[in-house]
Amino acid sequence: MFSAAKRHPTRKEVVGFDSWGRPGDSVPGLLELWEPSRRYAEKPRIAERSILIVEDVRVEFGGIVAVDGAGFRLEPGQILALIGPNGAGKTSLLNVVSGFYRPRRGHVIFMGRDITHLPPHKRARMGLARTFQHSELFMHMTVVENIMTGLEPWRRYSLLDAALWTEKARRWEEWARWKAEQVIDLLELHRYRDRVVEGLPPGIQKRVDLARALAQDPKVVLMDEPMAGLSREEKEDLARAIVEVNETQGVSFVLVEHDLEVVMDLCDYVVAMESGRVIAEGPPEAVARDPKVVEAYLGG
Amino acid sequence: MEGNGAKPYDTTFPWLLEARARRSPETTAFRWKRYGVWRRFTWRDYYLMVRWAALGLYELGLGRGDVLAFIMGNRPAWPIYEVGAQSVGAATVGIYKDSLSDEVAYVLQASDARVVLVEGQEQLDRVLEVLDRTRVEKIIVDEAKGLHMYREKLGDLIMTFRDLLEAGRRLDRSEPGLYDKLTGDLSPEDPAGLFTTSGTTGRPKLAMLSHRNLLAMAYQLNQLDPVGEDWEYVSMLPPAWVGEQMMSIALHYVAGFRVNFPEKPETVWEDFREIAPHFLFAPPRVWERIAKDVMAKIEDSDPLKKAVYRASIAAGYAAAKRRLVPGRREPPAPWRLLRFLAYWAALRGILDKTGLKRVRRAYTGGAMLGEDYVLYMHALGVNLKQIYGQTEVAGIAVVHPDDDVRLDTVGKPLPETRVRIDPETGEILIKSPAVMKGYYRNPEATRKTLDPDGWLHTGDVGELTEDGHLVVHDRAKEILVLSDGTRVAPQVVQNKLKFSPYIAEAAIIGHGRPFLVALLNIDYATVSRWAERRRIPFSGYSDLSQKPEVLELLRREVARANRRLPPRLRVRRFASLFKEFHPDDGEMTRTRKLRRRVIEERYKGLIEAMYRGEEEYMLTVELRLEDGRRVKATRPVKILDAPE
């Protein structure tokens, strides 16, 4: 009469279930369930020069100039904030970097390569990932499934493989699931793993969005207002996750952000925009005191 | 290792582990859910990891006589570390994960621990906070997340569990005979662990239990209630608690079943349902919670489901009552049939949803579980048995045999355990190979508790029935005496009140007074649902606890409890507190036993007002807000009379 609990696996599944363990589960394999401290000893440096260079970008929509010659440089391992009042052009600039907008003028150079005209999914394959202001998750799918969609650019098996469920398809799916689980572990999403995204609180949805981006093993993550709509505790959790990834994997971040407290705490470098141009840049304390910035925020 | 005439429990954990690893190396010893998947560890894997942990600890300079601490949840690093420590002749002491810094400092100081194993960053921070008050030289971290924040201390003060195992493995390769040499020096009388006693009064003491103590208890239990080697168990209670220690390590090594370690504390219940263990041991609050949740879900369901449930649970009750008769393991045939129907109609679904479907034996201990709850679980179809014991006797001394489960007793002594009642004081005395060696570095307390003949003075008051069952009344110190001389065991009254799904805690006051009064904590989960159904608006616990409709509800519930108590034990007046009793405030122990003295002191004003016949009192208490801040709150508390 009570609907049975979510169908739980049979004993056979539970016992033999170590798809990505080594056969026989020998001890060396099990040791990998724990992390050595050397992984945390130093922040990895994943590139020698500026990892992302945005130069003199101009974006126009019909007659409106959204971005008027703005740009910045992102160093490896840096957390950079793009701040500015509404309409300053921050999101538009970000969209140029991720490939959703074509700039009228200017260049985006990533890992030494000019990607200005590269389609978004190819940028993802190169290691440039992004999250969205409203998460843009697949509402009817579960958290795990959403994270795995982040791996689409790397899918290696064909429709035929999928139809016949060949070894190739199976292996790929297992690999994708393993990557998703690693990010779930990093962002503490275990209890939400099989929950459909729709019912989840906004703070969790943001973490899933970030998880999806991180599953791609990116070098740079672009985040559009990640803290919007989050409670104090949720902001702290998300900030902690960003720092963890930054410190242990050397991943750089570009955050478009309104919450100045978060920016001061979290970011190494700040770029302030107004009316499509960069009006100040530098370390957070310096930019916060810059009179042009103060005026732009308070001026109206 | 086992001489002739020696008992099977005259051995040590490392020896037992090695024997099992040689006998059944490929059998699953335990599982750990990691990255979404249950990872399997065989006895051989377990043995190798303990061996490496031991050598890693040896390399850190630890050995005979040392005490190693841990602040862990239910994760395999805990038993591996513990038995590894034992292998080099050391003992471990567990600290509850939710302990405050002062509590952490106290145990670390009292045990002189030089090494602590912590679960993760949160526990690491707490140790760092009190570090300079202790002798801790090394902190080993199980879950390494966040360690980038302690870079300067890595390699010196802080290492990870993997580092420890890798160091041990290297040492094992260069000195292959070392481990056997170390374990060769062990003796069953060596202390295996120190355990904090719950101490409802004063500072906790550290009870020293030897390998022999713990294993004797496990062997006796396995003799009475044998556990199958293919049975599943889920480790979910605090490892610092002797009960969890008993099941996940001692009984595990003796009976060889499978221990399952959940993925995260937040996923425990899902993991529990997924595994559906064959037996479990849980304190009363877990059983209370299960029962309350089931009852609440029924309240929320449609009339048809309610009707089917009511019929089924009635059948369950009928069958249970006829099973709980001496000599019976099962009710007679006609009631078995009734139970069968009830099972398929409704109970099976409930048991499935709560993960209790495969449970063959369930134990409750640590405090008295109200009779009503015990009977309810039996009616659902769970073979729940009370146990009685103490940390000082390695956990269990008395338990119900399957064919002699009774509601009003805590069972019969284990096969090699003797129980005696002091004729003058009524105190329960225990003698058994599981009785502790003494309190660590506290000979005076030891002398007060262990008499020269080896009898343990439990501090509990009770009596033995004609057929050898033990009845526990209460902690001797807790018995209160009314002004007319009536002796009251507050637990009895408390449990009657707590059977209501709406009452989470009830502190019974009345020592030296003409009658009993009660300070109640509402059960937020059930009462909030109740209030929502009746469209009563409220803004949190404090607010809800004072709503007139809720107070009326409580009045009815107290009346119901009173009806089932003898006249002198009835609660005459009660108040609903706007702050819940909490271990962090000293009002309860970490195992959630109420500290009556502290409560009486803190709520003195309110209690006086209750006895003066007043109807309201302005109560001032310190509240803890969600973000950790503490504020003083003064609110009026209504005092109500309970109908007779």
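1. In chain B, α1(B) passes α2(B) in a left-handed crossing, meaning that the near helix is turned anticlockwise from the far one by less than a right angle. Helix α1 covers residues 13–23 and helix α2 residues 43–59, and the two pack with their axes 8 Å apart at an angle of about 140°; axes are lines fitted to C-alpha atoms, for helices over the stretch in contact, and angles run from 0 to 180 degrees between N-to-C directions. That angle makes α1(B) oblique to α2(B), a word kept for angles that are not under 35 degrees (roughly parallel), over 145 (roughly antiparallel) or 65 to 115 (roughly perpendicular).

2. This is a predicted model, in which local features need pLDDT of at least 70 and side-chain atom pairs count only at pLDDT 80 or more, while totals for chains, interfaces and linings use all residues. Residues are numbered from 1 along each chain as its sequence is written, and chains are lettered from A in the order in which they are written. Helices (H or I, at least four residues) and strands (E, at least two) are DSSP runs, numbered from the N terminus.

3. The contact between these helices is made by B:P14, B:L17, B:E18, B:R20 and B:A21 of α1(B), and by B:W43, B:R44, B:Y46, B:Y47 and B:V50 of α2(B); residues are in contact if their C-beta atoms, placed from the backbone, lie within 7 Å. By class, this contact has 7 nonpolar, no polar and 3 charged residues, where Ala, Val, Leu, Ile, Met, Phe, Trp, Tyr, Cys and Pro count as nonpolar, Asp, Glu, Lys and Arg as charged, and the others, Gly among them, as polar.

4. Chain B also holds an open sheet of 8 strands with mixed pairing, in the order β7-β6-β5-β3-β4-β8-β9-β19; strands pair if DSSP finds at least two bridges between them. Because β7 (158–160) and β19 (438–439) of chain B stand at the edges with a single partner strand each, one side of each is left without a neighbour in the sheet.

5. Within chain B, strand β8 (residues 191–196) and strand β9 (residues 206–210) run antiparallel and are joined by 5 bridges, with B:G193 standing opposite B:L209 in β9(B). Helix α3 (residues 77–87) of chain B packs on the sheet, touching β3 (67–71), β4 (91–94), β5 (115–118) and β8 of chain B, and its direction makes about 145° with that of β4(B).

6. The contact of the two chains takes 32 residues from chain A and 42 residues from chain B. On the side of chain A that touches chain B, the residues divide into 16 nonpolar, 7 polar and 9 charged.
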